[in-house]
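Colleague: Please bring up the model on the screen, and then we can go through the side chains together.

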Amino acid sequence: MAHARCDQSPVWAELRAHFERSGQALDLREAFAADVARFESWSLQAPEVFADLSKNLIDGTTLALLLQLARDCGVEAQREAMFSGAIVNSTEGRAVLHTALRAPAGEGPFSDEVQEALDRMLAFAEGVRDAAASGIRDIVHIGIGGSDLGPAMVVGALQSASDTYCQPAQRLHFVSNVDGHDLASVLPGLDPHKTLFVIASKTFTTQETLANALAARAWFLQQGGQDIARHFVATSSNVQAAAQFGISTTFGFWDWVGGRYSLWSVIGLPIAIAIGARNFRALLAGAHAMDQHFREQPLARNLPVLLGLLDVWYRNFHGFSSRCIAPYHQGLKRLPAYLQQLEMESNGKGVDGEGQALPYGSSPVIWGEPGTNGQHAFFQMLHQGTDVIPVEFIAVRQPEHGSHVTGELADLLHQQHRMLLANCLAQSQALMQGKTVEQALQEKAPAAASHLGALTLARHRSFPGNRPSTTLLLERLTPRALGALIALYEHRVFVSGALWGINSFDQWGVELGKALCKALLPRLDSGDTAGLDGSTAGLMNWLRRS
């Protein structure tokens, strides 16, 4: 399906002219002073997510041009093609239907197959959750990439509310790194007779996952375990390979489920074990509500569309090459890592759908840490560094600390949550407002060196301000709200990819390293360096020295 690439639209040149004429000079402080209703005009309530876009470097003219760019690039048609099951992953000849995984029964492509697989997986999860009947105390999930990042992020987020959503009687462990220290740190304290291993690999050939699975099986047998079929299950499309491993219970899925979009499928088995069938369905329902918003709302009031347009505006006109994710909720501590894969593996491409080199930048670098930790680490650079980096603040209005938190402790933790929210608001305010040298001169600096002149010190303590940010707010971090938030980011990535004219659903960039690793592995044993470049040969010899 051919669509115009963004730079092939007449609006691209208009955007460039607008940027050079006035867009790059927009000052947020002046914009708020000139428009007392700017917050109301640039905020939006989407399913479960309230978004404040008012602190972004954008005005009505910019938005109008970006919206026209989206129409010229066929974003709406591409969106409908994805939802309807057309082949949108052109390089692999596949549909992309993660949205079908969370559609209600009777809706969406392959509904009968999806519901059958979902019901079977959830029934198994409920059986495991009945610890008295199953005898399972620990669940070790072994995967990597999308098979690990999504489930680990969701379980961690919902475990933050303790017994509100998760079952504290059972422990979930996630192992992904081929580094043996990862698995070795999990195994101590496990009872093989009370442990379930979940092996997550779409093809059941993923090198790192199989290495960890083989080591886990060896440990299980070494510790006196006997019934592999009872203590190992797989989420994989390769039932035969899983059976050869000794696994008799395999939950399969389809080639139109990409790894970084797979937590909604049977890959979400550890999520379902952690939060139960009802809450897993709520996670799906939240994502589906965001799907409907993305599919049905007009572009100008469509949150994934607006965020995707902002990404193009910042990357290709302002030249901002990274974006910081700052979730002000400890439960979302793994969200930046999850979004790194979602966005950079999807849109980190250098050619368009026709294989032609892109004449502009694509995916920004995604990074971040939870607030307030980041404030004591990299926020110095965000406020006073030489690079302008858009920041995405994510906060939750109501905390849920679990039923065990009562009395004075509950009061103290709620007060800490107010402190957390105040920090979140203060950081976005500071990024926008900054502090002039003149303002700094009027202040008494704490712990300042006595030999510094007032003006020199004021320059050190001034902030340029006018640094953009977006704030996303949730009422509570519930399964439904988390599902909507994740789906929001999925669709935002789709929009920016559609504008850049790239295929957001393949990941050929990970293949070369895999192939070279396979070739180098036996050389580490043999010491054969023939034909290797000097650096690789030298490093190999250093590693092999006695």
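**Charged pairs, cores and surface**

Colleague: Let's begin with Asp-138: buried or exposed?

Modeller: Asp-138 counts as buried, because its relative accessibility is 0% (buried is under 20% relative accessible area, exposed over 50%, partly exposed in between, with a 1.4 Å probe and protein chains only). Please keep in mind that this is a predicted model, where local features need pLDDT of at least 70 and side-chain atom pairs count only at pLDDT 80 or more, while totals for chains, interfaces and linings use all residues. Residues are numbered from 1 along each chain as its sequence is written, and side-chain values use heavy atoms, with hydrogens and water left out.

Colleague: Which side chain does Asp-138 meet in a salt bridge?

Modeller: That of Arg-137, with an N to O distance of 3.1 Å, where a salt bridge is a side-chain nitrogen of Lys or Arg within 4 Å of a carboxyl oxygen of Asp or Glu. Arg-137 counts as partly exposed, because its relative accessibility is 32%.

Colleague: And how many salt bridges does the structure hold?

Modeller: It holds 23. One of them joins the side chains of Arg-492 and Asp-311 at 2.6 Å, N to O, and this pair links distant parts of the chain, since Arg-492 is in helix H21 and Asp-311 in helix H15 (residues 303-318), 181 residues apart. Helices (H or I, at least four residues) and strands (E, at least two) are DSSP runs, numbered from the N terminus.

Colleague: How accessible are those two?

Modeller: Arg-492 counts as buried at 2% relative accessibility, and Asp-311 counts as buried at 6%. Both belong to a network of salt bridges that also links Arg-323, Glu-343 and Glu-392.

Colleague: What about Arg-397, which residue is its salt-bridge partner?

Modeller: Its partner is Glu-475, with the closest N and O atoms 2.7 Å apart. Arg-397 lies in the loop between strand S12 (391-396) and helix H18 (407-433), and Glu-475 in the loop between strand S13 (469-474) and H21, so the pair ties together parts that are 78 residues apart in sequence. Arg-397 counts as partly exposed at 49% relative accessibility, and Glu-475 counts as partly exposed at 37%.

Colleague: Changing topic, which residues have the most contacts inside the largest nonpolar core?

Modeller: Phe-280 and Leu-482, in a core of 118 residues; a nonpolar core is a set of buried Ala, Val, Leu, Ile, Met, Phe, Trp, Tyr and Cys residues joined through side-chain atoms within 4.5 Å. Helix H21 (residues 479-500) gives the most to this core, with 14 residues. Apart from it lies another core, of 21 residues, among them Ile-142, Phe-220, Phe-232 and Ile-247.

Colleague: How many disulfides turn up?

Modeller: A search of the whole structure finds 0, taking a disulfide as a pair of cysteine sulfur atoms within 2.5 Å. Cys-73, for example, is in no disulfide, and the nearest cysteine sulfur, that of Cys-6, is 5.6 Å away. Cys-73 is buried, with a relative accessible area of 0%.

Colleague: Last one, what does Thr-62 touch?

Modeller: Leaving aside neighbours within four places in sequence, Thr-62 is in contact (heavy atoms within 4.5 Å) with Leu-15, His-18 and Trp-313. Thr-62 lies in helix H4 (residues 60-72) and is buried, with a relative accessible area of 1%.
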